Amino acid sequence: MQKINSETAFKIFSVITLTILVIFAFLPFVLIFVTSFTDEVFLIKHGYSFFPKKLSLNSYKYLFNNYYTILRAYGVSVFVTAVGTGAGILITTMLAYPMARKDFKYRNILAFVAFFTLLFNGGIVPSYIMWTRVFSINNTYAALIIPNFLMNAFNVLLVRNYYANNVPGEVIESAKIDGAGEMRIFFRIMLPMSVPVVATVGLFTGLAYWNDWINALYYISSPKYYGIQNLLIRLMNNIQFLKSSQAATMLAGREVELPSTGIRMALAVLGILPIIILYPFLQKYLIRGVVMGAVKG
Amino acid sequence: MRTLRKRKNRLGNTLPLMLLAAPGLIYMFINNYIPMFGIFIAFKEIDYKKGIFKSDWVGFKNFRFLFRTNDAFIMTRNTLLYNLAFIVLGTCCSLFIAILMSEVTDRFCSKIFQAGLILPNLISMVVVSYIVYAFLNADTGFINLSILKPLGLEEISWYSEPGRWPFILTLVHLWKTSGYNSIIYIAFIAGIDKGIYESARIDGAGKMKQIFKITLPLLKPVIIIMFLLAVGRIFNSDFGLFYQVPMNSGALYSTTQTIDTYVYRALMQLNDIGMSSAAGLYQSVVGFLLVLGANAIVRKVDPESALF
């Protein structure tokens, strides 16, 4: 009886502790969310609060009136994430597939070439000089897409292991007997068969692009190319940035106070919204990816 | 006949497979390998007028200058100490979460818990810096106005007091990564044979005893591997955490400067290519040696888990 009690007690303890931990993990998001709906005058007087006495939609109204800047940044982020993730998945799987083919002569060399990049890197200065001096990448969309994130060896090896372990060699053999070429085998058979791992790699890559602000920090000086993250940085440093646009001056006539804190938090909410909306559908791919990455084949 | 066909295949598939691999290889060559050859920059005094290749060789001058500064000591110390704290506390937190999570048998519940705990890992450091700012900013921050003021305590100007940041950044790091890093331990606990617990129960072992005598000992190899791999990365730091979260505040450099933020600041803010590239190469080389060393130890402990 005693033993069963200690187990039940621990179960209850676990659920309660986890509930508290989840609340702690989640509270900061609630604070941001609530603040974005808080009246600015209340905010200045009483600070950030979980239970503001006065709510207001002004921050969102303001963002809505400045829709051009916001939509543009959102557009840049969506475009960069979509193109980067799509291209990244393609070249990652195309490189991983030959590595998984047991009858391919250079598969070990390829794997080593990829693997070595995980061990050693040349550092930021040589890359920076290369991208800016040789490829003149500054202030282009390519600067947001190409450096660092398009492909990484971790994902390549993840996909290679998936192909090696989950796709039977007979599938390739029989396709060959039917006269399919290598390209055809890859695009028509292998790619469709690798949906789970592609989802995982796509998720990792997509998150990296959506959350990236460092490429722009190095290679972008024109706000034209700012995605949502870099707009957030800019807004943190200088709220006047939004104010200077035309719609803002129209609004400024009516508003006494520019709801600067509220606007910042409202934009932060817009920045994490896509992740919060999409995440429940993607969780299993993420967990599978982390586990697959640790249990290497 | 069979060998003949095989040979034909081997010759026949090389070109198409190389073509498939080509885009990725070219990308890797440009993005990763050219910069590796570019490490010679650290041994030159770059003058763009002369061009990178024609700039003068200066030997180890950049390194001598770098290590003569106080910065070299501060950034190395900070990088190492933060990593040490992150590894020890992070492992404890992740293990704790994983052990609790494996008690939750209800699938829906465990999914919700896991989602909530992983979420902080999915957002950008920029948003994290917003969250930290919401708590800490001097005029309207949650801690100053909603906690310290009602308690009658003096308000703190967080962004100019370096002494507090080791705690803040460690807390932020744990908040952001503990849930995510527990995934791997949860998977391993799920793989433990339930029969072992069953027989322990029959022998009269309580829950605590089961955790300390079964779960943790069985996880020991994984914990050691994760620990060693983390030690291999002990010279690296999360640039966003140390640059964006303290808002690039100059007053905090003494406790927030790491090698990664130094490399950025020297290159982009001071325009000092020599110092920046020297610090970068210092990080790469020591990091490389650490990974090799960690892997050698992993291979001794558990050859199956070694990276290479």
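Helix axes are taken here as lines fitted to C-alpha atoms over the stretch in contact, and the angle between two helices runs from 0 to 180 degrees between their N-to-C directions. On this basis, in the predicted model, helix 4 (residues 67–100) of chain A packs against helix 11 (residues 195–211) of chain A at an angle of about 140°, and the two axes lie 9 Å apart. The crossing of helix 4 of chain A with helix 11 of chain A is right-handed. On the side of helix 4 of chain A, the contact is formed by A:S77, A:V80, A:T81, A:G84, A:T85, A:G88, A:I89, A:T92 and A:T93. Helix 11 of chain A contributes A:V198, A:V201, A:G202, A:T205, A:G206, A:Y209 and A:W210. By class, the residues of this contact between helix 4 and helix 11 of chain A comprise ten polar, six nonpolar and no charged.

Chain A as a whole contains 16 helices and zero strands. Its radius of gyration is 25 Å, whereas the globule rule gives 19 Å for 297 residues; the value is well over the rule, so chain A is more spread out than a compact globule. The C-alpha trace of chain A spans about 75 × 75 × 35 Å along its principal axes. Of the 297 residues in chain A, 42% are buried. Among the contacts in chain A between residues at least 6 apart in sequence, 74% link residues at least 24 apart.

The contact between the two chains involves 81 residues from chain A and 70 residues from chain B. On chain B, at least two residues each come from helix 1 (2–37), helix 3 (70–101), helix 4 (107–122), helix 5 (125–136), helix 6 (142–148), helix 7 (165–190), helix 12 (259–269) and helix 13 (273–301). The greatest contribution to the side of chain B that touches chain A is made by helix 1 of chain B, with 18 residues. This side of chain B consists of 45 nonpolar, 21 polar and four charged residues.

The largest nonpolar core has 141 residues, of which A:L232, A:A268, B:Y130 and B:A279 touch the most other members. With neighbours within four places in sequence left aside, A:L232 is in contact with A:L267, A:A268 and A:G271, and also with B:V126 and B:Y130 of chain B.

Terms used:
Residues numbered from 1 in each chain as written. Chains lettered and ligands numbered in written order. Predicted model: local features only at pLDDT ≥ 70, side-chain atom pairs only at ≥ 80, totals over all residues. Contact = placed C-beta atoms within 7 Å. Helix = DSSP H or I, 4+ residues; strand = E, 2+ residues; numbered from the N terminus. Nonpolar A, V, L, I, M, F, W, Y, C, P; charged D, E, K, R; others polar. Rg over C-alpha atoms; globule rule 2.2 N^0.38 Å. Buried ≥ 20, exposed ≤ 12 C-beta atoms within 10 Å, placed from the backbone. Left-handed = near helix turned anticlockwise from the far one by under 90°. Core = buried A, V, L, I, M, F, W, Y, C linked by C-beta atoms within 7 Å.
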